[in-house]
Amino acid sequence: MGGQVSRTDFEWSYTEEPHATRRKEILKKYPEIKKLMVVDYQFKYVVISLVFIQFIAAYLVGKYANWPAVFILAYCFGGVINHALLLAIHEISHNAGFGYSKPWHNRILGMIANLPIGVPCTFSFKKYHLEHHRYQGQDVLDVDLPSEMETRLFTNTLTKFFWVIMQPFFYTIRPLFVNPKPPLPMEIFNFVSQFGVDVLIVYLFGAKALVYLIAASLLGMGLHPVAGHFISEHYMFKKGFETYSYYGPLNMVTFNVGYHNEHHDFPNIPGSLLPKVREIAPEFYNALPHHTSWVKVLYDFITDPAIGPYARVKRKQALNNLKNGKSVEPIEEKSN
């Protein structure tokens with residue numbers, strides 16, 4: 001764990017991100033890992049089941065719950081479901097629903113997964129998330145990095161506590177300031193269709209139902225056990241290491257997003273098969289620092305002066321390459 005000195009700058013790196021190199025080494029030693037680059041055909045049924053469960057919950061909340069119960073249920077139950085759906089959208093951004101050969105099927109599944117979340121996000125997330133993989137830690141290009149404002153304002157235990165609570169707002173708004181992009185046609189359609197469904201929810205189930213769904217999304221991304229992955233994945237808990245896996249029970253409700261080193265090494269392997277990557281190539285992962293509790297991650301982030309928004313590895317190389325007209329190769333191999 002970190003010491004007692006607050007950081008005043010990012011950890012700057014002048015090397016490439018580690019995952020491309022490790023991927024090549026693993027595939028050279030264990031070429032059978034390519035057999036894991038497939039579509040998990042059960043995934044879409046799990047996603048649709050979660051959507052169905054959440055809409056039933058919204059109906060029951062709208063009909064029977066009082067206002068305090070709306071928010072308690074949104075945190076304890078809805079937050080877990082909607083966070084799982086957000087991570088399903090993450091999986092779908094890597095074409096996990098139907099593979100690369102059926103992009104429209106993936107887009108439709110992404111919009112279905114988005115429906116209980118209440119706020120349109122599936123296409124906006126994808127256009128930034130793939131850059132997070134390709135340009136991990138790159139200044140401007142990787143909007144997963146905290147902004148300069150965040151690093152200066154949220155520096156002690158009290159302010160970091162509120163930063164964690166407000167994480168969904170920063171996660172959503174940050175890209176618009178750090179690396180703004182014009183909206184894609186599918187984003188506009190996602191916005192219109194999502195807000196149309198929101199109106200329909202209010203009409204059919206009542207206002208409490210929609211408040212429940214949106215509150216579940218916001219609370220489930222903030223000070224919530226499953227939201228610990230936002231911090232556990234790339235905040236530097238040990239100097240020199242920029243990606244961390246989490247090996248614990250909450251992987252069961254988050255599509256194994258905790259296997260984050262494995263995911264960045266092989267982003268085209270579905271979450272359900274990421275544990276097999278570690279099983280096949282344990283020497284590449286067992287020695288890496290990792291987490292076993294997302295609750296502890298949140299506690300340590302808030303209370304340890306050495307861990308905060310500045311505790312990230314940052315680099316400039318890819319941005320300079322783009323300015324100089326050089327291309328950067330994509331990291332993903334197509335799955336079957």
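Tutor: One term before we start: helices are DSSP runs of at least four residues, numbered from the N terminus. Also, this is a predicted model.

Student: Fine. Which helix gives the most to the lining of the second largest cavity?
Tutor: Helix H8, residues 167-178, with three residues.

Student: And which residues line the second largest cavity?
Tutor: Asp144, Trp163, Gln167, Tyr171, Arg174, Phe230, Tyr235 and Arg312. By class, that lining has four nonpolar, one polar and three charged residues.

Student: What volume does the second largest cavity have?
Tutor: About 70 Å³.

Student: What lies nearest the centre of the largest cavity?
Tutor: His94, Ala96, Asn268, Ile269 and Pro270. The lining of the largest cavity has twelve residues in total. They divide into six nonpolar, five polar and one charged.

Student: Which elements give two or more residues to the lining of the largest pocket?
Tutor: Helices H3 (67-93), H5 (122-134), H8, H9 (185-205), H10 (207-220) and H11 (228-232).

Student: Which of them has the largest share?
Tutor: H8, with seven residues. Tyr171 ties things together: it lines the second largest cavity, and it is among the residues closest to the centre of the largest pocket.

Student: How does the lining of the largest pocket divide by class?
Tutor: Into 25 nonpolar, nine polar and six charged residues.

Student: What about the second largest pocket: how much space lies in it?
Tutor: About 350 Å³. Its lining counts 16 residues, with Asn95, Pro103, Arg107, Phe123 and Lys126 closest to the centre.

Student: Which helices each supply at least two residues there?
Tutor: H3, H4 (103-114), H5 and H9. By class, the lining of the second largest pocket has eight nonpolar, five polar and three charged residues.

Student: On to packing. At what angle do H3 and H4 cross?
Tutor: Roughly 170 degrees, and their axes come within 9 Å. That makes H3 roughly antiparallel to H4.

Student: Which residues of H3 and H4 meet?
Tutor: From H3, Leu85, Ile89 and Ile92. From H4, Asn106, Leu109, Gly110, Ala113 and Asn114. The contact has five nonpolar, three polar and no charged residues.

Student: And H7 with H14: what angle do they pack at?
Tutor: About 140 degrees, with the axes 7 Å apart. H7 covers residues 157-165, and H14 covers 294-303.

Student: Why does that pair count as oblique?
Tutor: Roughly antiparallel needs an angle over 145 degrees. The angle here is about 140 degrees, so H7 and H14 are oblique to each other.

Student: Which residues meet in H7 and H14?
Tutor: Thr157, Lys160, Phe161, Trp163 and Val164 in H7 meet Leu298, Phe301, Ile302 and Thr303 in H14. By class, this contact has six nonpolar, two polar and one charged residues. Trp163 turns up again here: it takes part in this contact, and it lines the second largest cavity.

Terms used:
Residues numbered from 1 in each chain as written. Predicted model: local features only at pLDDT ≥ 70, side-chain atom pairs only at ≥ 80, totals over all residues. Heavy atoms only, no water. 1 Å grid on protein atoms, 1.4 Å probe; cavity = no way out; pocket = protein on both sides within 12 Å on 5 of 7 lines; lining within 4 Å. Nonpolar A, V, L, I, M, F, W, Y, C, P; charged D, E, K, R; others polar. Points joined across faces, edges and corners; volume = space filled by probe spheres on them. Axes fitted to C-alpha atoms, helices over the stretch in contact; angles between N-to-C directions. Parallel < 35°, antiparallel > 145°, perpendicular 65-115°, else oblique. Contact = heavy atoms within 4.5 Å.
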